[in-house]
Amino acid sequence: MPSNLQILLDHRPTDKVSPANFRVVETPVPEPGPGEVLVRHTFLSLDPYMRGRISDTKSYAKAQEVGAVMVGGAVGIVEASNNPRFKPGDAVVGMGGWQRYDVSDGRDLNVVDATAIPIQAYLGAVGMPGVTAWYGLNRIIAPKAGETVLVSAATGAVGSVVGQLARAAGARVIGIAGGAEKCAYAIEELGYAACIDHKSLTFANDVKAAVPDGVDGLFENVGGEPFLQALRRLNDFARVAICGLIASYQGAPTALPDMRLVLVKRVKIEGFIVSDHMRLWPEAIGEIAGHIAAGRLKWRETIRDGLENAPQALVDLLRGKNFGKMLIRVN
Ligand SMILES: NC(=O)c1ccc[n+]([C@@H]2O[C@H](COP(=O)([O-])OP(=O)(O)OC[C@H]3O[C@@H](n4cnc5c(N)ncnc54)[C@H](OP(=O)(O)O)[C@@H]3O)[C@@H](O)[C@H]2O)c1
């Protein structure tokens, strides 16, 4: 039987995160005790929130402990079970962290149907990022047919679902993404009406040109300068969902501009955290799965092989080097 490869947080980053902040260890495969389940992971999820979790700045969730297995979503197959809810061979999604094997009491573990939808999608479009997209779009922006919705990180795990759900709701959907390849994919595969490359020197003018009727809904994933340009294009009664500010996780903070904008345009700006809305997850996932079954929702993945490459993959995610959901295939 293989050993349990684990990745621990070795020490907190003081500036930008690097692979040296983590340590790889090999331990014996754990035995499940009474009521417990042994899961062999097949994919790990890499997510931007992990940058916040490994710092000790006060946030909405408890900081990752130094010396402990790195937190994170994972999918896998049940190898042994002393819990009546699970049986060997079940495909499951949970928060097993950066390790090959996890022993769980089953509370944070859910059986999924990996026959119609690939198992790793439960870490993406039919998992936490998909629900995030669904919540911010439907519960904060609530687009009406014909309105314009602007989405940053438009081809990413969250953004790609936002764009397609907004389009299905009848909105004119405009993306912001990094580079020509991502923008072409946004338009040709995800159905965005237009996509603006935030790396372009003419970015501010490009935003203006892409939204001649202004923006009614802004789904913000990035922050920084692109966010400020997007705010300038808001219409009266616009809704802004603050989902993420990835440009600021290792860079300058994103500040609000003159609040007169919010007053005179009667804008609603609302931040949200998807884990505050657990009771809505089944409804959100059901709706997203329906769109997938109908062939209306696509996604893309960047898959890196090998658990030991998770630290570098996190570094790359935080530099925007992924194209779609960032995953580690565990072998
Ligand atoms: N509120 C919540 O509950 C919640 C839940 C999940 C995720 N989020 C947030 O949602 C956002 C998207 O998350 P995701 O998992 O879907 O990630 P992702 O979009 O798959 O990947 C991150 C993307 O951000 C873009 N980006 C733009 N500027 C960047 C910069 N300066 N540094 C790094 N990346 C930059 C890059 O795309 P381009 O090259 O196209 O710009 C990059 O590929 C993040 O801000 C995340 O924190 C929030």
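Predicted model: local features only at pLDDT ≥ 70, side-chain atom pairs only at ≥ 80, totals over all residues.

Reader: Okay! Is strand β1 enclosed by the rest of the structure or open?

Author: Strands here are DSSP runs of E with at least two residues, helices are runs of H or I with at least four, and both are numbered from the N terminus. Buried means under 20% relative accessible area, exposed means over 50%, and partly exposed is in between (1.4 Å probe, protein chains only). N4, Q6 and L8 are buried on one side of β1, and L5, I7 and L9 on the other. Six of the six residues of β1 (residues 4–9) are buried, so this strand is largely enclosed.

Reader: Which residue in β2 stands opposite L8?

Author: Strands of a sheet pair through backbone hydrogen bonds, either parallel or antiparallel. Two strands pair if DSSP finds at least two bridges between them. β1 and β2 (residues 22–27) have six bridges in the antiparallel sense. Opposite L8 you'll find R23.

Reader: What do the buried residues of α10 pack against?

Author: Seven of the eight residues of helix α10 (residues 310–317) are buried, so this helix is largely enclosed by the rest of the structure. Among the buried ones are A310, A313 and V315. They pack against β1, β2, α1 (49–53), α7 (246–249), β14 (301–305) and β15 (325–329).

Reader: Which residue makes a polar contact with the side chain of S45?

Author: S45 sits in strand β3 (residues 37–45), and it is buried, with a relative accessible area of 3%. A polar contact is a pair of N or O atoms within 3.5 Å; within protein, one must be able to donate a hydrogen and the other to accept it, and residues adjacent in sequence count only if both atoms are side-chain atoms. Here the two side chains are joined at 2.7 Å, and the partner of S45 is K325.

Reader: Which strands are at the edges of the six-stranded sheet?

Author: The open sheet runs in the order β10-β9-β8-β11-β12-β13, with parallel pairing. As one example, five bridges join β8 (residues 148–152) to β9 (residues 172–177). Each edge strand pairs on one side only, and the two are β10 (194–197) and β13 (268–271).

Reader: At what angle does helix α3 run to β8?

Author: Axes are lines fitted to C-alpha atoms, for helices over the stretch in contact, and angles run from 0 to 180 degrees between N-to-C directions. Helix α3 (residues 157–168) lies across β8, β9 and β11. Its angle to β8 is about 170 degrees.

Reader: How are α2 and α9 placed relative to each other?

Author: Two packed helices are described by the angle between their axes and the distance between the axes. The axes of α2 (residues 128–141) and α9 (residues 281–293) come within 9 Å and cross at roughly 100 degrees. Angles under 35 degrees count as roughly parallel, over 145 as roughly antiparallel, 65 to 115 as roughly perpendicular and the rest as oblique. The two helices are therefore roughly perpendicular.

Reader: What is the phi of A142?

Author: Most residues other than glycine have a negative phi, and most peptide bonds are trans. A142 is in the loop between α2 and β8, and it is partly exposed, with a relative accessible area of 39%. Its phi is positive, near 45 degrees.

Conventions
Residues numbered from 1 in each chain as written. Heavy atoms only, no water. Contact = heavy atoms within 4.5 Å.
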